[in-house]
Amino acid sequence: MSIVVADKKLLTNRIDWIDTAKGYGMLCVIIGHLGTPGISAFVYTFHMPLFFYLSGFLFHHQNNISHFLLRKTKSLIIPYFCLAIPVF
C-alpha cells in the first residue's frame, strides 16, 4: 500500500536552503578527505564553520536550562557511557 503525497511540505517542517547547504557541506567533507593538496586546503577553510553556523541557526533556546541539560544528558552522556564501558 502506498500513499501519494501531493506536497512534501505538508509532512515535514524543513527549510530547503539549510538542507541544501548541509548537503554541500557533506560533499565538501568527502572532497576534503580525498587528499588533493590544493582543493583540500580550500575546502578545510569553510566546511566546518558551515556546519557550526547551520547548527547555531537551528538551535532553539529554551528558558529552562535544567530541562535542556537533563535532555542533553539523556540523549548524549548516557549512551556514551553505555557504549564506552564495554570497550574498557
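Student: Leaving aside its neighbours within four places in sequence, which residues is His47 in contact with?

Tutor: Please keep in mind that this is a predicted model. To read such a feature, one sets aside the sequence neighbours and looks at what remains. For His47, the contacts beyond four places in sequence are with Cys28 and Val29.

Student: Is His47 buried or exposed?

Tutor: The reading rests on relative accessible area, with buried meaning under 20%. His47 has a value of 4%, and is therefore classed as buried. As to its place in the fold, His47 belongs to helix H3, which covers residues 47-58.

Student: What lies 3.1 Å from a polar atom of the His47 side chain?

Tutor: That is the backbone oxygen of Val43.

Student: At roughly what angle do the axes of H1 and H3 cross?

Tutor: One reads the angle together with the approach of the axes. Helix H1, residues 16-33, and H3 have axes that come within 9 Å and cross at roughly 155°. Angles over 145 degrees count as roughly antiparallel, and H1 and H3 are therefore assigned to that class. Their crossing is left-handed.

Student: Which residues make the contact between H1 and H3?

Tutor: From H1 the contact draws on Trp17, Ile18, Ala21, Lys22, Gly25, Met26, Cys28 and Val29. H3 contributes His47, Leu50, Phe51, Leu54, Phe57 and Leu58. Sorted by class, the residues in this contact are eleven nonpolar, two polar and one charged.

Student: Let us turn to the whole chain. How many helices and strands does it have?

Tutor: The protein chain has four helices and zero strands, and its pattern along the sequence is α-α-α-α.

Student: What share of the residues is buried?

Tutor: Of the 88 residues in the protein chain, 12% are buried, and His47 is one of the buried residues. A further reading concerns separation in sequence: among contacts between residues at least 6 apart, 39% join residues at least 24 apart.

Student: May we close with another side chain? Which residue's side chain is joined to that of Ser66 by a polar contact?

Tutor: The partner is Asn64, and the polar contact between the two side chains is 2.7 Å. Ser66 lies in helix H4, residues 65-84. With a relative accessible area of 47%, Ser66 is partly exposed, whereas His47, at 4%, is buried.

Notes
Residues numbered from 1 in each chain as written. Predicted model: local features only at pLDDT ≥ 70, side-chain atom pairs only at ≥ 80, totals over all residues. Heavy atoms only, no water. Helix = DSSP H or I, 4+ residues; strand = E, 2+ residues; numbered from the N terminus. Buried < 20%, exposed > 50% of the residue type's maximum accessible area, 1.4 Å probe, protein only. Polar contact = N/O pair within 3.5 Å; in protein donor to acceptor, adjacent residues only side chain to side chain. Contact = heavy atoms within 4.5 Å. Axes fitted to C-alpha atoms, helices over the stretch in contact; angles between N-to-C directions. Parallel < 35°, antiparallel > 145°, perpendicular 65-115°, else oblique. Left-handed = near helix turned anticlockwise from the far one by under 90°. Nonpolar A, V, L, I, M, F, W, Y, C, P; charged D, E, K, R; others polar.
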